[in-house]
Amino acid sequence: MSAIRKLILITGIAGVVWAALMALIPIGFTVNRHYKAKYAALLRAAGFTLVTDQDGRLRYVPPGEPLPGHGNPFAVGT
């Protein structure tokens with residue numbers, strides 16, 4: 001087999017592997033969405049409160065805890 005044919009074969013195999021991996025991305029998004037929904041429901045059932053932090057991310061605050069941004073702003077990590 002010549003070097004050109006080997007290169008074409010390797011390029012074709014790499015293309016097929018790349019296409020297969022790209023096809024798995026939507027499956028990963030779907031699995032992640034179901035995972036997050038399952039645990040969000042579990043946290044809500046346990047009494048956690050959904051809040052949005054300063055960066056716009058969703059967070060769950062335990063029951064009885066003050067909401068973020070309230071209280072002493074210098075008490076970081078306490």
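Q: What makes a run of residues a helix in this predicted model?
A: A helix is a DSSP run of H or I with at least four residues. Helix α1 spans residues 3-45, and Phe29 is found in it.

Q: Why is Phe29 called exposed?
A: Exposed means over 50% relative accessible area. Phe29 has 56% relative accessibility, so it counts as exposed.

Q: What makes Phe29 part of a nonpolar patch?
A: Patch residues have over 30% relative accessible area and no salt bridge, and nonpolar side chains are joined within 5 Å. Phe29, at 56%, is over that cut-off, therefore it passes the accessibility condition. The surface patch also includes, among others, Trp18, Leu21, Ile25 and Val31. Its members together have about 1,300 Å² of accessible area.

Q: How do you know that strands β1 and β2 pair?
A: Pairing requires at least two bridges found by DSSP between two strands. Strand β1 (residues 49-52) and strand β2 (residues 58-61) have 4 bridges, so they count as paired. The sense is antiparallel. One of the bridge partners is Val61 in β2, which faces Thr49 in this pairing.

Q: What lies between the strands of the hairpin?
A: The hairpin of β1 and β2 has 5 residues between the strands, and Gly56 takes a positive phi near 90°.

Q: What is the order of elements in the protein chain?
A: From the N terminus on, the order is α-β-β, with 1 helix and 2 strands in the chain.

Q: What share of the protein chain is buried?
A: Buried means under 20% relative accessible area; such residues make up 5% of the 78 in the protein chain. The chain exposes about 6,900 Å², of which carbon and sulfur atoms supply 68%.

Technical notes. Residues numbered from 1 in each chain as written. Predicted model: local features only at pLDDT ≥ 70, side-chain atom pairs only at ≥ 80, totals over all residues. Heavy atoms only, no water. Patch = residues over 30% accessible without salt bridge, like charges linked within 9 Å, V, L, I, M, F, W, Y side chains within 5 Å. Areas by Shrake-Rupley, 256 points an atom, 1.4 Å probe, with all protein chains shown as cover. Salt bridge = Lys/Arg side-chain N within 4 Å of Asp/Glu carboxyl O. Buried < 20%, exposed > 50% of the residue type's maximum accessible area, 1.4 Å probe, protein only.
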